[in-house]
Amino acid sequence: MGNIGVYSTATEMLAALDRGEVTSVDLVEMQLERIDAVDGDINAIAVNTPDRARAAAQEADRRRADGDSAPLLGLPLTLKESTRTAGLPQSAGIPEFAGFVPETDGRVAERVSAAGGCLLGTTNIPFALSDWQADSAVYGRTLNPWDTTRSPGGSTGGGGAALAAGMTPLEIGSDIGGSIRVPAAFCGVYGHRPTETAIPRSGSMPPHDLENPAAIMGVQGPLARSAADLELMFDVVAGPIELEDRAWRLDVPPSRHESLGEFRVAVMPEIPFAKPSRAMQASVESLAAFASDGGARVAEAMPSFDAEQYFHDYLTTLMLITTQAMSDDHRHSAAEKMIATGDSTEIARAKGMTMSAVDFLQLLDRRELARRAWAEFFEEWDVLICPTAIDAAFPHTDGKFNDRTLEIDGETVPYHHMVVYPMWAIFAGQPATAFPGGLDPRGLPLGLQAIGPYLEDRTTMRFAGLVEEWNGFVPPPAYA
């Protein structure tokens, strides 16, 4: 196996395959042994597929011997359980869908398979992908390998934990509320939320696989242990949706810059309604100093929109999209209770449960104005850096979502503050790359993100790669 081990990056594994130093069968067996050795402690893998992985590895080795050079050929990897994959359960953690097994791949799984990936299994998620934990009534709770009393993040929590514990080098997740980037932050790995239109959005929830142009904000994207690996997987799965691919082609431009000193780095000012932890803010300041020392232009800056209105519009849109399966009576009853609280965030959420089609069109107009504000902002700046989450991983928590709280530097804050930093990129469909930001005083990973210009995903991924020498992936001590 040479220098290849369970913490090698996907890029390193593929290079070793290209040099003939290792076979795909070797890599798959190494990862399957690792899963057998450590997943019993973490419960990151929802559906284990060793026979499928071994068969794919044998086929990959044959294809390599015949001169094939598909981009993922022979690489072991995992997919989020909710990723539509032929022959595998796709429950999204919903007991009613526990028996649903699609007969065909969604676009993302189809592209991964065509690129030669060897699927080790699928990773755990929370109920309906709707939490920053990975506690499923179908598969149980996933634990964070940095501290098993804490959440690995969600909803791609199983994927983040599997990467951190060396069970897989590459993963695909989905993100409408931070579900790629929060697990990356909590587990000390990398995650990329792509531009909203860069990767097909269908196939990330059961049971159908149709694109819906009104279902905005939700995306699918990669998690890995290096920024280079994010771009590797991005290039495999990016591209037009079904039917559009008859004519459209995606041609994502190169990164704006190749060296840190060329970047114009905006630092998000402190958000008064969701102040990050002291350790998280210190990480932001440390990165800003590192970039400045490296020659980058660094200053506090923010797009020219009302931050609180932007947040409320995001919450309204999120509730509109995520409550569509509820009955009208249920939505209106829940909305009345939210409005009665008098809390502005609850009122914003309630609007999404009761709004008319005309209200939605007007909301989309405001979204378009926000998208223009981002575009103007990125004429002067290349990336905007900020926390990925308000703090490091929190302890496992139960109870009703709206009743939960977080403890941040001794203060109690609402649980929904977790979404404030992820949502900046989500509402307007911007790309954002999450990357490690060092450890807090408790030894827990901190995660930062670089938000970038629309359809310039390579710029944020390149920036994340350029700051790896400041803080990159390190294995959790108990699993190193």
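Tutor: One term to start: a residue is buried under 20% relative accessible area, exposed over 50% and partly exposed in between, with a 1.4 Å probe and protein chains only. Helices (H or I, at least four residues) and strands (E, at least two) are DSSP runs, numbered from the N terminus. This is a predicted model, where local features need pLDDT of at least 70, side-chain atom pairs count only at pLDDT 80 or more, and totals for chains, interfaces and linings use all residues. Residues are numbered from 1 along each chain as its sequence is written, and side-chain values use heavy atoms, leaving out hydrogens and water.

Student: Start with H5. How many of its residues are buried?

Tutor: Eight of the eight residues of H5 are buried, so this helix is largely enclosed by the rest of the structure. They are Gly157, Gly158, Gly159, Gly160, Ala161, Ala162, Leu163 and Ala164.

Student: What do the buried residues of H5 pack against?

Tutor: Their partners are H2, E1, strand E3 (118-123), strand E6 (170-175), helix H6 (181-187) and E8. Contact here means heavy atoms within 4.5 Å.

Student: And what comes just after H5?

Tutor: Gly166, with a positive phi of about 80°.

Student: Which residues other than glycine have a positive phi?

Tutor: Asn43 is one, with phi near 60°. Ala92 is another, with phi near 55°.

Student: Peptide bonds next. Which are cis?

Tutor: Gly154 to Ser155 is cis, with omega near 10°. Ser155 belongs to the loop between strand E5 (140-141) and helix H5 (157-164). Pro206 to Pro207 is also cis, with omega near 0°. Pro207 is in the loop between strand E7 (190-193) and strand E8 (219-224).

Student: New topic: helix packing. At what angle do H2 and H3 pack?

Tutor: About 160°, for H2 (residues 24-42) and H3 (residues 50-65), with their axes 8 Å apart. That makes H2 roughly antiparallel to H3. Angles under 35 degrees count as roughly parallel, over 145 as roughly antiparallel, 65 to 115 as roughly perpendicular and the rest as oblique. Axes are lines fitted to C-alpha atoms, for helices over the stretch in contact, and angles run from 0 to 180 degrees between N-to-C directions.

Student: Which residues make the contact?

Tutor: H2 gives Ser24, Val25, Val28, Glu29 and Leu32, while H3 gives Pro50, Ala53, Arg54, Ala57, Gln58, Ala60 and Asp61. Seven of the contact residues are nonpolar, two polar and three charged. Ala, Val, Leu, Ile, Met, Phe, Trp, Tyr, Cys and Pro count as nonpolar, Asp, Glu, Lys and Arg as charged, and the others, Gly among them, as polar.

Student: Zoom in on Ala57. What does it touch?

Tutor: Ser24, Val25, Val28 and Cys118, not counting residues up to four places away in sequence. Ala57 is buried, at a relative accessible area of 1%.

Student: Back to helix pairs. At what angle do H12 and H13 pack?

Tutor: H12 (residues 357-380) and H13 (residues 420-428) pack at about 105°, with axes 8 Å apart. H12 is thus roughly perpendicular to H13. Leu363, Arg367, Ala370, Arg371 and Trp374 of H12 meet Trp424, Phe427 and Ala428 of H13. That contact has six nonpolar residues, no polar ones and two charged ones.

Student: Last topic, the cores. Which residues touch the most other members of the largest nonpolar core?

Tutor: Leu72, Leu170, Met233, Phe435 and Phe463, out of 77 residues in that core. A nonpolar core is a set of buried Ala, Val, Leu, Ile, Met, Phe, Trp, Tyr and Cys residues joined through side-chain atoms within 4.5 Å. Helix H7 (residues 227-237) supplies the largest share, seven residues.

Student: What does Met233 touch?

Tutor: Leu72, Leu77, Val112, Leu170, Ile172 and Pro222, leaving aside residues up to four places away in sequence. Another core, of 50 residues, lies apart from the largest one, and Ile321, Phe378, Trp381 and Ala432 are among its members.
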